[in-house]
Amino acid sequence: SGFNSIGHMDTMLRRRHHIGHHKEGEEFIQNVFHVLFLLFSGKEKCNLSICWLQYEISKVLQCLQRKKKKQLKAQGRKSKKLAKNLLKAPDNRNHLSLWKLYAYLEWLLGNIDDARKVFDTALGTAGTGGLKSPQLCSLSLLYAQLEVELLESLEGAVTSRAVHVLTKLAESGPYVPYSGQVLSVNVLKARKTYEHALQDYLSKIPVSDQDQVNDANQLVNLVGCYALFQYLTVGIDAAVLIYAQTLEKLEAPGPQKCENTGESFGIQNFPTALEAVTLLHTNLLRFHMKISVYPLNPLREALTEALKRYPSNQSLWRSYIHIQRKSHSASKARRFFDGVTRSTNSLEPWLFAIQAEQMRKKLIENVQRADVGEIHSTIPETGLTNRIIALFEHATQSENGTHCPLLWRMYLNFLV
């Protein structure tokens with residue numbers, strides 16, 4: 001009993017509780033990890049360790065979303081114990097991806113100083129690969145992103161810890177922990193280094209498929225670091241410019257000759273790199289709007305363009321719904337959802353269109369039930385109910401929708 005609850009549904013409320021991880025299901029998953037751990041060695045074992053730690057982090061995130069402090073404390077203790085045990089294994093000691101996840105776990109649990117120590121230790125032992133080391137780039141990018149999220153405004157950001165981390169990465173020397181200041185001359189040197197590194201990456205051709213995958217990941221990390229560096233030292237427009245240039249280069253059709261060298265680019269056929277860079281771009285715009293005054297239009301345009309291209313990207317849809325909630329006119333979003341659902345077989349546009357309407361319905365019901373005397377309801381609620389049912393009907397008739405248990409359960413749940 002309990003195993004069927006492993007595919008738990010975060011979106012559904014049952015009484016007042018979210019359906020979470022069942023005890024038996026959780027035991028089963030832990031047993032699977034323990035058994036597999038004995039069967040693997042070397043690189044596979046490292047990859048399994050990463051999966052295991054990511055799973056633990058997902059549970060911590062769930063506790064954070066539900067704002068359950070007691071549960072978070074208990075879960076945090078378990079997850080940290082596992083992370084430390086994994087890092088004690090001889091194979092994993094120098095594995096930067098694991099150190100990165102452990103630091104992230106500490107950060108999520110609110111232990112900012114401990115997380116910084118872990119990041120600093122990992123960067124200190126990682127060698128001097130600089131921008132050429134994919135793992136080092138990825139680690140520095142996460143560290144800098146987390147630090148940036150603590151900023152309340154961009155004033156004084158030039159001497160922040162995030163700029164220190166990104167500057168040290170570009171210097172390719174031994175890492176020195178942040179001492180409270182960043183020299184202007186180092187910032188200028190780092191900017192030049194980033195600029196040249198990005199140009200080199202965009203103009204070289206990967207030889208094999210494996211090289212292509214590595215190059216795509218490395219390109220995404222490099223663009224993320226450079227754009228964040230520009231954002232903190234120059235401003236949002238400088239960062240957006242880097243994303244625009246990279247996307248333009250990656251979108252170039254067919255293998256195109258490079259004017260100077262006569263070689264052809266191989267990276268532009270990379271949907272994954274393109275999608276990841278787009279995600280970094282929209283996330284930065286969203287963050288900037290949170291800490292300062294900035295028009296909504298650039299973000300809305302970036303999201304609509306991206307979603308036409310990647311209709312199954314859930315993070316982009318979440319951002320889109322988030323910004324549409326602020327708008328009082330639903331017609332534009334409805335037209336957009338309608339256009340995307342017609343042009344793709346992906347199920348995500350349907351699910352998010354339904355979610356957007358359900359949020360609107362909930363908002364209107366809250367207003368109508370507000371205890372402030374007489375309220376004249378301006379939007380008849382039945383219209384929204386009928387619209388949501390129509391969306392469910394169309395979605396369940398689509399080829400993928402017919403076979404999607406989540407969609408049917410959401411439909412039943414709504415009708416109830």
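1. Confidence. The protein chain has a mean pLDDT of 84, with 84% of its residues at 70 or more. Helix 4 (residues 96–108) scores highest, at a mean of 94, and strand 2 (residues 17–18) lowest, at 50.

2. Where pLDDT is low, the predicted coordinates should not be read in detail.

3. Helix 5. Its 14 residues (112–125) should span 20 Å at 1.5 Å a residue, and the end C-alpha atoms are 20 Å apart, which agrees. Buried residues here include Ala 115, Val 118, Phe 119 and Leu 123. Helix 4, helix 6 (134–149) and helix 7 (161–171) are among the elements covering them. Gly 127 follows helix 5, with a positive phi near 85°.

4. Lys 80 to Glu 106. The structure holds 10 salt bridges. In one of them, Lys 80 and Glu 106 meet at 3.5 Å, N to O. Lys 80 is in helix 3 (residues 69–88) and Glu 106 in helix 4, so the bridge ties parts 26 residues apart in sequence. Glu 106 is buried, at 3% relative accessible area.

5. Arg 334 to Glu 357. The closest N and O atoms are 2.8 Å apart. The pair links helix 14 (residues 331–343) to helix 15 (residues 348–368), 23 residues apart. Arg 334 is partly exposed at 26%, whereas Glu 357 is buried at 6%.

6. A network. Shared partners join Asp 113, Arg 116, Glu 147 and Arg 161 through salt bridges. Glu 147 and Arg 116 meet at 2.6 Å, N to O, and both are buried.

Technical notes
Residues are numbered from 1 along each chain as its sequence is written. This is a predicted model: local features need pLDDT of at least 70, side-chain atom pairs count only at pLDDT 80 or more; totals for chains, interfaces and linings use all residues. Side-chain values use heavy atoms; hydrogens and water are left out. pLDDT is the predictor's confidence in each residue, from 0 to 100. Helices (H or I, at least four residues) and strands (E, at least two) are DSSP runs, numbered from the N terminus. The expected span of a helix is 1.5 Å times one less than its number of residues. Buried means under 20% relative accessible area, exposed over 50%, partly exposed in between (1.4 Å probe, protein chains only). Contact means heavy atoms within 4.5 Å. A salt bridge is a side-chain nitrogen of Lys or Arg within 4 Å of a carboxyl oxygen of Asp or Glu.
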